[in-house]
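Have the viewer ready and follow along section by section.

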Amino acid sequence: MLFADRRFARTPRARVLLGHLLMAWTVLLAWAVGFMGATTSTARADDLDLLPGLVGAIECDRSILTPSEFIGFEMGERHWQHHQVIAYMHYLADRSSRARWESYAESHQGRELGYLTIASQGHWRRMDRIRAAHRQLADPTSSAEVDIAALPAIVLMGYGVHGDEPSATHVSLIVAHLLVAGRGEWVNRVLDQLVIRIDPCLNPDGFERFSSWSNTFRGRHPSNEPWDREHRQAWPGGRVNGYWFDLNRDWFPLVHPESQGRLRQYHQWRPVLVLDYHEMGTDSTYFFQPGEPRRTNPFAPASTQELTRRLANYHAAALDAIGTRYFTEERFDDFYPGKGSTYPDLKGAVGILFEQSSARGVMQQGAQGDRTLRGNVRNQLATSCSSLTGAVELRTELLDHVRQSYLEARDSAEAAHLHGYAFSAGNDVMRLRRFAELLGEHEIQSSYVREAVSVTSEAGASIELPPGTLIVPARQPESRFMNAVFDRSTEFEENAFYDVSAWALPLAYGLEQVNLLELPGAETLTNEPPGLLEGVGTGPAVAFLLPWDQEGAAAELIRVSGLGWEVQVASESFEATTSDGHRSFGAGSLAVFPRWDEELGALDVESLRRDLEPAMGVRWYAVATGLTDVGIDWGSGAWRPLPQPRIAIVVGDGTDRYASGAAWHRLDARLGAQVTLIDSSDLRAACQEDWTTIVLAGGTPAGWGPAERESLDSWLARGGTLVVLGDANGWAAAQGWLSVKPREEPPFERRPYAQAANDRALQAIAGAIVEARFDLTHPLAWGLQGESVALFRDHTLFLAPSGNPYSTPAVYADTPVSAGYVSSENRDRFGGAAAAVVVHRGAGRIVAIAEQPIYRGFFDGSARIFDNAVLLGPAMKSP
């Protein structure tokens, strides 16, 4: 009866429950088929004949259905859906004592993620000891006590982090069946030497989006034409998760529940080998690591690449045996620590990336011939089996590699002169706490200063650390990983990057960092984070005030205005006596006033107080008089009303799905705003509505022309705020709304033809962190702790300053590049460029920010710039 209630049927809980019902029905049907057809098998051979010959003779328990028998169609004939994949994993766990299923997370859209762990009965009986031994290998103080000769190695097989790379998830079904139902020498050796953990679908929401698309446009006779609708996904495509993020970049930021759950499992089990299965362009062949040798993460042990090369021999033999061509040591790197094949390298394990040329459907014609889903599964199965063979034969080397990696990291940390780091975030206690919590997720130890203490900085100066300062020791087991994510390098051996070249976590969180030559004494430290001043001030009140520099202020503005209260913002600083005593309030502080109640004949303070009371992470201050101690009073014209936010994001063809997703996630998941996603083709009609803010987060919307420009101009004239981020400013500049700095073309120089691609890469800014200086009196900068802000840049478009001297709220520091690679030519272009410009059009304004202030969802230090642009536009009056 629950689903008869339409309100319930639309809730996430209903979608999850419906998924579980479908899964249960699928399992029940499979059991019935298995019972009725235990002596016959019409589909069994079509799965087993995909096995590479190198695994030898395999027989399977005929009472356990193959994937094709379970689903009712041949592997590769069409795409499985996510609930069917999970149902099959549950089915295998129910049918075999070798396998157990463990859920570890739920996606944004309510889909289950989990591991199928496969092991022999002997290993299962001592699994707790096996896991403890793997964790102990990462502890240099006791790793020598682990007897690796008798220890099975834990192997993590990760499939399908990109949803539209379907052979990865599909092959996991066959691998799982083989290991659960298989009998033979090869299976016995694998189960004797290894514990295998299969994650069949790392990105359920993207996989479901893609499989539904492909199945929708596949007829009885699938087309192999690249122009077929099946092969041309609608925006945003299946690669990304529910909020359009690339989950293969989230292994260390941990923004999403899929990654958070996965990392908790990772540290509980500590695998020694991590396999990361992908697909690439249709016109390619097959790739496995080692990758580009000059683009490995410099903090990873050199022995990681040696083991990777040794494992490559097994993959080569497996693919040679079935006639599949492949390549190594080019194109793909092993550099960014947030990828599934790089993260393990910094944790003592070996991560291996596999890339299969994609059919992006059931079949597709490419430069190397037809690619089929079935053929792709065959290749992925070959390297899945070769990986297990390699893990068996290199088991002790892989286990010892973990031990040696942590011993080397300890020795390196003890030999270094630094003893630790001190981090602070001004008044923003919440941001510092989130940083510490993220470090903890990666098992990086930290603690807080309980009482003021003096220490010696790297510069040799004696400094006093105030209470609440976060201390991170340099000498700890995870020093290797910590150094990698704290790294601020600007010079590299190789300057062409597959992904970004900078990710320094302290910069992303906007923290002040001091390197220490000594640590505070243990008696001055605590594991308890500084407390947050939360709630609502007591006593009589004519107004309630919220300082804008509090971390939760933006979310609170959205929440309170959504309850129908008028919120006003101060454009100047002031001082007032509050229920908590005298305090100063900066520009950007919010005020909410109780309404007059005719029946009471008084201000209805309690109704307002009740609505403010749920405040989480923020403090509302009560004031009992309309007179301030210093500065503007409540009736001053310096207070400006903020309308209830009505926010839209332009999405669709041509727009940047990652940047758009970051904006959507920030507003919806982090700030609690109701956001409307407007397809770019609907802009003209949508501009007739009274949006307070429209966000163009990146890219150039396809098909936009003069009509769209005129529609936006008309909407701006009525008082709207258009927020333009990153390379989308190129489109805004083309409309004549703002200016970009022209690029000076160098004099002609004849260059080798073979260098063309590399030269282009060297002039790109693939991903660097730059320092901007903000005018703290401008609404765009209200609430910042200081004028210096680290921003992420991933393009080479440079904004010119505004012609109005008051409308360029941010420029670049004299030495702008804080981390990452930027060519000398591009470094010069920062001089005289603007990091942010505000252009006034009628009653509205365009807020142009040259960088991506909410990049990949973890640049919390610059996120306030985005929040201010979206929410404080009405306060940005034309000077």
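## Ground rules

Two strands count as paired if DSSP finds at least two bridges between them. Helices (H or I, at least four residues) and strands (E, at least two) are DSSP runs, numbered from the N terminus.

This is a predicted model, in which local features need pLDDT of at least 70 and side-chain atom pairs count only at pLDDT 80 or more, while totals for chains, interfaces and linings use all residues. Residues are numbered from 1 along each chain as its sequence is written, and side-chain values use heavy atoms, with hydrogens and water left out.

## A three-stranded sheet

Let's begin with an open sheet of three strands, in the order β23-β22-β28, paired in the antiparallel sense. At its edges stand β23 (581-585) and β28 (630-631); each has a single partner strand, so one side of each is left without a neighbour in the sheet.

Five bridges hold the antiparallel pairing of strand β22 (residues 574-578) with β23. Within that pairing, A576 stands opposite R583 in β23.

Strand β12 (residues 420-424) joins β17 through five antiparallel bridges, and F423 has Q513 in β17 as its bridge partner.

## An enclosed strand

How many residues of strand β4 (residues 153-159) are buried? Seven of the seven are, so β4 is largely enclosed by the rest of the structure. Buried means under 20% relative accessible area, exposed means over 50%, and partly exposed lies in between (1.4 Å probe, protein chains only). Both faces of β4 are covered: A153, V155, M157 and Y159 are buried on one side, and I154, L156 and G158 on the other.

β4 has parallel partners. It pairs with strand β6 (residues 194-199) over six bridges, where A153 has L194 as its bridge partner. Five bridges join β4 to strand β7 (residues 273-280), also running parallel, and there M157 stands opposite L275.

Among the buried residues of α14 are R395, H401, R403 and Y406, along with L398, L399 and V402.

## Salt bridges

The structure holds 39 salt bridges, each defined as a side-chain nitrogen of Lys or Arg within 4 Å of a carboxyl oxygen of Asp or Glu. In one of them, the side chains of R249 and D499 meet at 2.9 Å, N to O. This pair links distant parts of the chain, 250 residues apart: R249 is in the loop between α10 (204-216) and α11 (257-269), and D499 is in the loop between α16 and α17 (505-508). Both R249 and D499 are buried. They also belong to a network of salt bridges that links E165, R239, D246, R249, D499 and R856.

E606 counts as partly exposed because its relative accessibility is 42%, whereas R609, at 11%, counts as buried.

## Cysteines

How many disulfides does a search of the whole structure find? The search finds zero, a disulfide being a pair of cysteine sulfur atoms within 2.5 Å. For C60, the closest cysteine sulfur is that of C385, 11 Å away, which is too far for a bond. C60 counts as buried at 10% relative accessibility, and C201 counts as buried at 2%.
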